[in-house]
Amino acid sequence: MTDTTRTARAGVPERPSLDGLEETWARRWQSDGTYAFDRSKERSDVYSIDTPPPTVSGELHMGHVFSYTHTDTVARFQRMRGRTVFYPLGWDDNGLPTERRVQNVYGVRPDPALPYDPDWRPPAAQVGDDARKNPTAISRRNFIELCETLTVEDEKVFEALWRRLGLSVDWSLTYTTIGPAARAASQRAFLRNLARGEAYQAEAPTLWDVGFGTAVAQAELEDRERPGAYHRLRFAGPGGREVLIDTTRPELLPACVALVCHPDDERYADLVGTAARTPVFGVRVPVRAHPLADPAKGTGIAMVCTFGDLADVTWWRELRLDTRVVVGRDGRLLPEPPAGVPAEPYAALAGQTVNGARRTVVALLGDAGDLVGEPRPITHPVKFYERGDRPLEIVSTRQWYLRNGGRDADLRDELLARGRELRWVPEHMRHRYEHWVGGLTGDWLVSRQRFFGVPVPVWYRLDDAGEPDWNHPLTPDEATLPIDPTSEPPPGFTEAQRGRPGGFTGDPDVLDTWATSSLTPQIVGGWVTDPDLFGRVFPMDLRPQGHDIIRTWLFATVVRSHLEHGALPWRTAVLSGWILDPDRKKMSKSKGNVVTPMGLLAQHGSDAVRYWAANGKPGMDLAFDPAQVKVGRRLATKLLNASRFALGLGAADALRAPVTEPLDTAMLAELSGVVATATTAFDGYDHTAALMATEAFFWPFCDDYIELVKERAYGDGPAADSARAALATALSVQLRLFAPVLPFVTEEVWSWWRYGSVHLSTWPTTYEVGRAMAAPGDPELLRLAADALGQVRRAKSERKLSMKADVPLAEALGPAALLDQLTTIADDLRAAGRIATLDLLPDRTPELVIACAF
């Protein structure tokens with residue numbers, strides 16, 4: 001709509017300013033419901049966006065501003081194209097990051113053994129380092145309540161920034177990943193996965209973060225270079241043969257279950273099928289062959305421990321080796337040795353940290369004469385949880401898994417096919433998806449040993465000895481969701497039977513935060529709870545996100561939608577790059593090079609910061625450049641002032657008058673090409689190309705065209721009417737072209753002379769621009785006029801004269817055909833250049849030359 005929404009026009013202010021526009025228009029948009037989703041529309045008229053919910057366990061940074069601005073330009077463009085835009089925003093508030101933030105802010109730790117204390121109150125202010133190092137133990141329920149309280153406050157801060165940035169979301173659709181709707185959807189999906197056999201429980205080696213005390217999934221791993229050392233150990237082979245092993249983890253020697261070499265390594269061929277004895281402990285372990293053993297690494301034969309790394313897990317599983325676990329969930333060696341390991345040498349290690357046990361084992365090896373040479377320092381990649389600060393261990397635990405193609409070739413092929421169905425922007429990002437899916441080695445571990453998350457919605461019967469029946473979990477009815485099995489009994493039981501033989505116990509774990517975030521289309525779309533809405537928005541049109549979470553958020557969402565709906569969750573995925581610092585290094589808190597956005601928004605204005613963000617193409621990294629933010633500020637200021645000037649010439653009252661003069665039609669013909677370019681770019685999710693085309697037209701429009709026609713526009717008659725009508729059309733079109741990127745200044749200017757919101761107006765079309773012209777225009781004529789005026793200005797500048805200085809005589813030299821064209825705009829050129837006499841001298845030069853006499 002354009003003038004159909006009858007909101008009063010504000011009129012042109014005497015001194016327009018960018019200051020305060022964000023507060024003014026954010027309030028107006030909210031009160032007017034400018035961005036409200038119209039759920040009465042058919043699916044074909046809906047454009048739905050699955051917006052990433054930011055983690056509310058810290059501060060938003062420029063990377064958020066960068067990528068969310070890109071999404072907002074799409075939403076605004078689609079809205080102006082006549083679609084009703086389903087654009088919710090959520091907060092990802094459950095999971096480890098929130099727990100860590102609560103622990104750091106309040107100096108507390110959860111202890112499930114403690115009873116709930118309804119009178120407990122947190123510290124009034126953020127605590128110091130001593131309280132963080134010696135946290136106060138509180139009950140699980142008290143801790144969860146504290147997480148809920150802090151996230152509410154964090155979300156207020158985040159929402160204030162997003163409103164300041166001008167995101168055109170429908171704030172009535174806001175959700176949280178720990179809210180009742182999200183918990184119910186997450187538990188419902190899990191229960192359906194369980195019923196179909198896609199979710200299962202298993203006791204298996206698990207990547208374990210000692211600091212957080214929880215299992216982590218393959219997708220959450222990252223390698224970090226850390227110092228280490230190779231230790232050469234002497235094993236005793238058959239017949240007294242010496243077998244040398246290089247290892248970086250000698251502390252796992254009591255967990256050794258085999259030696260392994262490559263099947264084609266002739267050095268050890270005669271050992272395969274025999275056994276060797278471990279140093280210090282004297283445990284007999286088999287020697288086996290496996291193709292993953294690297295003959296070029298170390299001595300070419302490795303010890304397999306349960307478990308040192310993922311290779312150990314593979315060898316243990318495929319060679320069907322024994323299990324000797326020595327590292328516990330707390331990162332310390334277990335108090336008792338595993339079966340078959342003598343207690344006397346192990347006693348020196350019991351209860352030690354991994355690093356302490358390493359030093360002790362090295363000393364024992366030295367005393368036994370089984371440490372060959374000195375340790376050799378190295379730097380090597382070590383597995384970490386992406387949010388953790390201690391190396392991961394591998395411990396054997398019971399966990400819940402969700403099938404994702406890691407162990408199912410047919411499912412893997414189906415998920416690869418889904419990736420090919422999806423439209424990727426840019427297209428090459430699809431290869432990252434395929435590389436991840438093709439490289440999966442196991443199913444998705446979805447359970448976490450934490451507290452602030454969506455509870456795993458099952459219970460277990462306890463037998464007469466009080467042991468749980470893991471193989472037959474008790475499940476709730478979907479109608480009762482969400483539930484918490486740690487505080488609610490299963491159907492047919494009472495709370496008095498909890499933990500008692502013959503009674504039940506609730507699953508103590510929560511679901512991985514990605515297990516909830518992977519259902520954002522279902523959560524926001526009202527899956528099951530609002531079928532009418534779900535039918536209008538799903539599958540969604542757009543998934544915008546960072547390229548670094550293709551393996552987590554994007555892939556996980558595809559998995560859940562494929563398993564539940566047999567379809568993709570959205571049609572298009574647009575991937576954002578990273579924000580780099582001025583030295584082109586990725587911004588991160590750990591590097592201390594993060595720039596927080598609120599100060600920039602206050603200093604330069606939101607439009608200026610959005611302009612900087614929009615200069616980054618999808619999939620491309622962008623360096624943070626304060627100079628480019630300042631360019632955005634100048635652009636917004638120029639748009640404000642140029643609009644005021646054009647409207648001061650009477651453009652507003654000439655909007656639908658015919659444009660007849662050659663220079664005016666030339667300008668509109670050029671603008672028509674810009675409209676076509678910008679529209680094609682936005683249709684292809686290339687907001688940067690759209691902005692560049694619009695801006696490239698705008699500056700010459702202000703500097704050349706307005707200067708060329710302003711004297712004519714001040715006058716009367718058809719020629720003056722043509723100038724004012726052309727200015728009105730050009731201003732209307734350019735405001736709409738800039739609106740997706742510069743929402744505040746365009747809305748402000750629009751309000752001076754048009755009804756309604758620019759953001760609910762129709763996107764400009766080439767037909768609209770062409771309809772304003774009485775006859776077709778020639779863009780070359782505009783360029784010719786700009787060239788001629790530029791030469792006059794240059795002549796004045798070279799003589800250090802004011803641009804208002806008169807030119808008594810100017811001679812135009814050039815090809816006759818060119819000067820014939822110049823004749824049609826001669827009056828505008830004379831007025832703009834303040835030329836008293838303009839003589840045309842044809843065929844004197846091969847190109848246009850304007851010679852000025854002073």
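I started with Asp512, which is buried at 2% relative accessible area; buried here is under 20%, exposed over 50% and partly exposed in between, with a 1.4 Å probe and protein chains only. I'm working on a predicted model, where local features need pLDDT of at least 70, side-chain atom pairs count only at pLDDT 80 or more, and totals for chains, interfaces and linings use all residues. Numbering runs from 1 along each chain as its sequence is written, and side-chain values use heavy atoms, with hydrogens and water left out.

**Salt bridges**

I looked up what Asp512 holds on to: it forms a salt bridge with Arg448, with the closest N and O atoms 3.6 Å apart. The rule is a side-chain nitrogen of Lys or Arg within 4 Å of a carboxyl oxygen of Asp or Glu. Asp512 sits in the loop between strand S22 (510-511) and helix H12 (513-517), and Arg448 in strand S19 (residues 447-448), so the pair ties together parts 64 residues apart in sequence. Helices (H or I, at least four residues) and strands (E, at least two) are DSSP runs, numbered from the N terminus. Arg448 counts as buried too, at 4%.

I got 53 salt bridges by this rule. Another I checked is Arg192 to Glu564, at 3.0 Å, N to O. That pair links distant parts of the chain, helix H6 (residues 180-195) and helix H15 (residues 550-565), 372 residues apart. Arg192 is partly exposed at 23%. Both belong to a network of salt bridges with shared partners, made of Arg188, Arg192, Arg196, Glu198, Glu478 and Glu564.

I also noted Asp265 with Arg267, at 2.8 Å, N to O. Asp265 is buried at 7%, while Arg267 is partly exposed at 43%.

**Strands**

Next I traced an open sheet of four strands, ordered S8-S7-S16-S18 with antiparallel pairing. S8 (214-215) and S18 (444-445) stand at the edges with a single partner strand each, so one side of each has no neighbour in the sheet. Tyr401 stands opposite Leu445 in S18.

Then I moved to S24 (residues 570-576), which is largely enclosed by the rest of the structure because six of its seven residues are buried. S24 runs parallel to S17 (residues 423-425), joined by three bridges, with Arg423 partnering Thr572. S23 (residues 540-546) is also parallel to S24, over six bridges, and Gly546 partners Ser576.

How values were computed: Two strands pair if DSSP finds at least two bridges between them.
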